[in-house]
Amino acid sequence: VSAPHTVQMYSLADPLVGSYGRRSFEDIRAMMKLLDQEGKPQVFFPETSYWVDFDNSVPLFLPLYATDRLRDLQILAKEAPRAGHLNFESGWAFGYWINNAAQAYASWHRGSDSQGPLTGDTLFTTLLAP
């Protein structure tokens, strides 16, 4: 099973501005499309936290991870709809669980739920509603 992995908070559609020497994830998107077209199994393996260089001394909560994972899932629903999804997370357990829960919710609902289309705002308000 292939497990395409993206790094940091960037979505599949974002410019990377040199992160790990890359300009984009276009090659990963193209590979995932090809694997999907050929019916080969794959599991998308993005990050919902990245403590290694952003917040290793002082943990941060960056909700943009969850909103970018939602964007990724919406892209993959069109480009590689059979792709599985597996969360990569490391670091600070006290706040990162929210990104993990948001990514799981977005993965289960693949872009919409009973309230309508998921967006970065509605993802968190739905998830954290009483």
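**From one arginine to the whole chain**

Arg69 has a relative accessibility of 0% and therefore counts as buried, since the cut-off for that class is under 20%. The model in which this is seen is a predicted one, and within it Arg69 has its place in helix H2. Leaving aside residues up to four places away in sequence, Arg69 touches Gln8, Met9, Tyr10 and Ser11, then Pro46, Glu47 and Thr48, and also Gln103.

Helix H2 also takes part in a helix packing. Two packed helices are described by the angle between their axes and the distance between the axes. For helix H1, which covers residues 26-37, and H2, that angle is about 40° and the axes lie 10 Å apart. H1 is therefore oblique to H2, and the crossing of the two helices is right-handed. On the H1 side the residues that meet H2 are Arg29, Met32, Lys33 and Asp36, while on the H2 side their counterparts are Ile75, Leu76 and Glu79.

A further link is made by aromatic rings. A pair of aromatic rings is described by the distance of the centres and the angle of the planes. How many such pairs does a search of the whole structure find? The search finds one aromatic pair. It is formed by Phe45 and Phe88, whose ring centres are 5.7 Å apart and whose planes stand at 85°, an edge-to-face arrangement. The two residues are 43 residues apart, and the pair thus links distant parts of the chain: Phe45 lies in the loop between strand S1 (43-44) and helix H2 (64-79), whereas Phe88 lies in the loop between strand S2 (84-85) and helix H3 (93-109).

The chain contains four helices and four strands, and along the sequence they follow the pattern α-β-α-β-α-β-β-α. Of its 130 residues, 42% count as buried, and the accessible surface comes to about 7,000 Å², with 60% of that belonging to carbon and sulfur atoms. Among the contacts in the chain with a separation of 6 or more, 69% are accounted for by residues 24 or more positions apart.

Methods
Residues are numbered from 1 along each chain as its sequence is written. This is a predicted model: local features need pLDDT of at least 70, side-chain atom pairs count only at pLDDT 80 or more; totals for chains, interfaces and linings use all residues. Side-chain values use heavy atoms; hydrogens and water are left out. Buried means under 20% relative accessible area, exposed over 50%, partly exposed in between (1.4 Å probe, protein chains only). Contact means heavy atoms within 4.5 Å. Accessible areas come from the Shrake-Rupley method with a 1.4 Å probe; for residues, only the protein chains shown count as cover. Rings of Phe, Tyr and Trp (its six-membered ring) pair if their centres lie within 6.5 Å; planes under 30 degrees apart count as stacked, over 60 as edge-to-face and the rest as tilted. Axes are lines fitted to C-alpha atoms, for helices over the stretch in contact, and angles run from 0 to 180 degrees between N-to-C directions. Angles under 35 degrees count as roughly parallel, over 145 as roughly antiparallel, 65 to 115 as roughly perpendicular and the rest as oblique. A crossing is left-handed if the near helix is turned anticlockwise from the far one by less than a right angle, and right-handed if clockwise.
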